[in-house]
Amino acid sequence: MTLVLLLLAVGCFVLMCLTKSLLLGAVCMLLALVFMVMATLMFLSSRVGNVNRNANILSAEELRVLREQADAKRQGAGTSTTGGTQASDH
């Protein structure tokens with residue numbers, strides 16, 4: 001549909017350039033502008049609609065792990081505490 005609107009806009013521009021009538025030229029110019037805006041909005045809406053919004057949301061478990069890591073960094077525990085907890089998990 002976007003391609004059809006773009007082709008209509010190009011057709012209106014061509015007709016605008018070929019016409020001798022000022023009124024018909026103005027109408028074609030307005031129609032071409034409307035078709036271009038509609039095509040752009042349709043293209044953008046299709047691009048935004050394809051984005052998966054849940055891809056960047058962290059689960060509760062991932063969030064907990066990140067909080068624990070941030071707390072460990074703040075307390076200055078360093079890598080020695082992290083290595084010890086990883087060894088006890090295995």
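How are α1 and α2 oriented to each other: roughly parallel or roughly antiparallel?

Analyst: The protein has an average pLDDT of 83, with 78% of the residues scoring at least 70. Confidence is highest in helix α1 (residues 2-18), at a mean of 94, and lowest in helix α4 (residues 78-89), at 52. Where pLDDT is low, the predicted coordinates should not be read in detail.

Turning to the pair in question, the axes of α1 and helix α2 (residues 22-49) cross at roughly 160° and come within 8 Å. Angles over 145 degrees count as roughly antiparallel, and α1 and α2 are therefore roughly antiparallel to each other. The crossing of α1 past α2 is left-handed.

The contact between them involves, on the α1 side, Thr2, Leu5, Leu6, Leu8, Ala9, Cys12, Phe13, Leu15 and Met16. Among their partners in α2 are Gly25, Cys28, Met29, Leu31, Phe35 and Phe43. By class, this contact of α1 with α2 comprises 18 nonpolar and two polar residues, with no charged ones. An α-helix has 3.6 residues a turn, so residues three or four places apart point the same way.

Just after α3, Gly76 adopts a positive phi of about 75°.

Notes. Residues are numbered from 1 along each chain as its sequence is written. This is a predicted model: local features need pLDDT of at least 70, side-chain atom pairs count only at pLDDT 80 or more; totals for chains, interfaces and linings use all residues. Side-chain values use heavy atoms; hydrogens and water are left out. Helices (H or I, at least four residues) and strands (E, at least two) are DSSP runs, numbered from the N terminus. pLDDT is the predictor's confidence in each residue, from 0 to 100. Axes are lines fitted to C-alpha atoms, for helices over the stretch in contact, and angles run from 0 to 180 degrees between N-to-C directions. Angles under 35 degrees count as roughly parallel, over 145 as roughly antiparallel, 65 to 115 as roughly perpendicular and the rest as oblique. A crossing is left-handed if the near helix is turned anticlockwise from the far one by less than a right angle, and right-handed if clockwise. Contact means heavy atoms within 4.5 Å. Ala, Val, Leu, Ile, Met, Phe, Trp, Tyr, Cys and Pro count as nonpolar, Asp, Glu, Lys and Arg as charged, and the others, Gly among them, as polar.
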